[in-house]
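Take a walk through this two-chain model.

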Amino acid sequence: MENRLESTGTSFLDEVQRRSGTPISACFQCHKCSTGCPIGPEMDVLSSQIMRLIHLGEEKEVLESQGIWMCASCEACSTRCPMGIDIAGVMDTLRMMAVERKVAPPDARAKHFAHSFLQSVRHHGRVYEMGMLVAYKFRSRDFFTDMDKGPKMLMKKKLAFLPIRSGAASEVKEVFKRVEEEKEQ
Amino acid sequence: MRYAFFPGCSLETTAWDFDRSVRAVCRTLGITLEDIPDWVCCGSTPAHTSNASLAVALPVMTLQKAKHMGCPVMTACASCYSRLRTANHKVCSDPDERQRAERVTGKPYDGSVEVRHVVDVLVNDFGLDNIRARVKRSLSGVRVASYYGCLLTRPPEIVAFDNPEHPSCMDDLFKAAGAEAVEWPYRTECCGAGLSMTEPDAVNRLGHKLVSMARQAGADCIAVACPLCQLNLDLRQADAAKAYGAVLPTPVLYVTQLLGLALGLSVGELGFNALTVSADSVLQRCEMVVSAGRGGRP
């Protein structure tokens, strides 16, 4: 039987530690992160539980969790961790791994939002909110939430009908391309 | 005092009143802002949660452009501020990050462009004594809850111009303008930030918690320094009250909108008509005529 206490250097824990650059193995389960997490009540697995599951090599449970997609990146956990673990940074790494391994839950709305947002930046060099909102609605199939907000924002001139492009939009496109090429190598 | 201004995407649209009030306040105080030409989006949360390389490369593109301007960068959006500072931190502390950023942007960058937030500039560069001397209309009678949110003070190794758990810079600014800055416990609690689109129920829960605590602490308005904090607390306030219990409608102003009033600027110059929850109660408290000087966006 595999001894989970002995690191082989190729474990899930090692991989997440290497990619996030933070010492997850130092977590001693004080739960300070979970206690102060603003989204704790909405999470299926709390941040300290995610740290423990990573120790135990529970890759599937971690990467398929809804919790990693609920993180608001508020940095309270990373700021307060007595062991200096960048927990919010670990959440970022876990989201990336879940996407790469195609195991993110289909209703991970934050994934659809991030994709729609970055597509907008790729095309215009800046975020074009109106286009991004429509793209997000289609990707998430969540058509009816906040239907009243768009008109309210339009009335306050808080949404623009047309994109405001950056003069460096073509440079941004090139950067996106190079980032993708490097990833494939 | 001259700064390379990075407005960021929000200030062009959803936070145009922040943009307008920052520019008006700086103009009044003699702080010169020059927009960084062809700046690009910082990538915000979507970039750092999806692609580590892109999360550094996008802010670096703007910082490379600012480098030629020979002065520090100033941002108003707390998220842009955090992303630009984080990119600098990574480029300076990790040679691999620097090489990768230079490779994908195709240009050199050494992480040397200083990035400041408008509140930091006002409090620490311009100075509270100078602000006090420029006040034309005291905000006495206004009781404000300074809401710092997350990224202005966290994580401390990246931002570091105030205490991450007990910040006071905005309170000091409002006190200098004659207002009463109330003591309240949720000043650095998160509003739900980028979950606004994806998890509005959670954002409403957090917004309700914040607004009702500010009221309980005796505040009659909340001041923010982040476009998402403003949007989540202001635009969603009615929904939050409906879902979690009635709270007195509470105006949520940008720090520069409230300070601008003290500096003698008009509500039109400060974009007050962009607010969803009307700030008339605040104007009455500092004895401004509510109907006068109402201006729209040009």
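**From chains to contacts**

Chain A has 10 helices and zero strands. Read from the N terminus on, its elements run α-α-α-α-α-α-α-α-α-α. This is a predicted model. Along its principal axes, the C-alpha trace of chain A spans about 60 × 40 × 30 Å.

Chain A is divided into two parts: domain 1 covers 12-100, and domain 2 covers 109-184. Taken over C-alpha atoms, the centres of domain 1 of chain A and domain 2 of chain A are separated by 27 Å.

One helix pair in chain A deserves a look. Helix H7 of chain A takes residues 109-124, and helix H8 of chain A takes residues 129-140. Their axes come within 9 Å and cross at roughly 145°. The crossing of H7(A) past H8(A) is right-handed. On the H7(A) side, the contact is made by Arg109(A), His112(A), Phe113(A), His115(A), Ser116(A), Phe117(A), Gln119(A) and Ser120(A). H8(A) supplies Met132(A), Ala135(A), Tyr136(A), Arg139(A) and Ser140(A). What is the make-up of the contact of H7(A) with H8(A)? The residues divide into five nonpolar, six polar and two charged.

Next comes the interface between the chains. Chain A and chain B bury about 5000 Å² between them. Of that area, 60% is on carbon and sulfur atoms. The contact takes 52 residues from chain A and 65 residues from chain B. In chain A, the residues that lose the most area to chain B are Arg126(A), Lys156(A) and Lys158(A). Together they make up 13% of what the chain A side buries.

Two packing partners are described here. Start with helix H7 of chain B, residues 118-134. H7(B) and H8(B) pack at an angle of about 25°, with their axes 10 Å apart. The angle is under 35 degrees, so H7(B) and H8(B) are roughly parallel to each other. Their crossing is left-handed. From H7(B), the contact uses Val119(B), Leu122(B), Val123(B), Leu128(B), Ile131(B) and Arg132(B). These meet Cys169(B), Met170(B), Asp172(B), Leu173(B) and Ala176(B) in H8(B). The residues of this contact divide into nine nonpolar, no polar and two charged.

H8(B) passes H12(B) in a left-handed crossing. Met170(B), Leu173(B) and Phe174(B) of H8(B) meet Val255(B), Leu258(B) and Leu259(B) of H12(B). Six nonpolar residues form the contact of H8(B) with H12(B), with no polar and no charged ones. Met170(B) and Leu173(B) are among the residues listed for H8(B) in its contact with H7(B), and they are also listed in its contact with H12(B).

Finish with the backbone of chain B. Where does Pro155(B) sit? Pro155(B) lies in the loop between strand E5 (143-146) and H8 of chain B. A cis peptide bond joins Arg154(B) and Pro155(B), with omega about -15°. Asp38(B) is another residue to check. Its phi is positive, about 55°, although Asp38(B) is not a glycine. Asp38(B) is placed in the loop between strand E2 (32-35) and helix H3 (44-48) of chain B.

How values were computed: Residues are numbered from 1 along each chain as its sequence is written. Chains are lettered from A and ligands numbered from 1 in the order in which they are written. This is a predicted model: local features need pLDDT of at least 70, side-chain atom pairs count only at pLDDT 80 or more; totals for chains, interfaces and linings use all residues. Side-chain values use heavy atoms; hydrogens and water are left out. Domain bounds come from an automatic or database domain assignment. A crossing is left-handed if the near helix is turned anticlockwise from the far one by less than a right angle, and right-handed if clockwise. Helices (H or I, at least four residues) and strands (E, at least two) are DSSP runs, numbered from the N terminus. Contact means heavy atoms within 4.5 Å. Ala, Val, Leu, Ile, Met, Phe, Trp, Tyr, Cys and Pro count as nonpolar, Asp, Glu, Lys and Arg as charged, and the others, Gly among them, as polar. Buried area is the accessible area (1.4 Å probe) that two parts lose on being put together, summed over both. Axes are lines fitted to C-alpha atoms, for helices over the stretch in contact, and angles run from 0 to 180 degrees between N-to-C directions. Angles under 35 degrees count as roughly parallel, over 145 as roughly antiparallel, 65 to 115 as roughly perpendicular and the rest as oblique.
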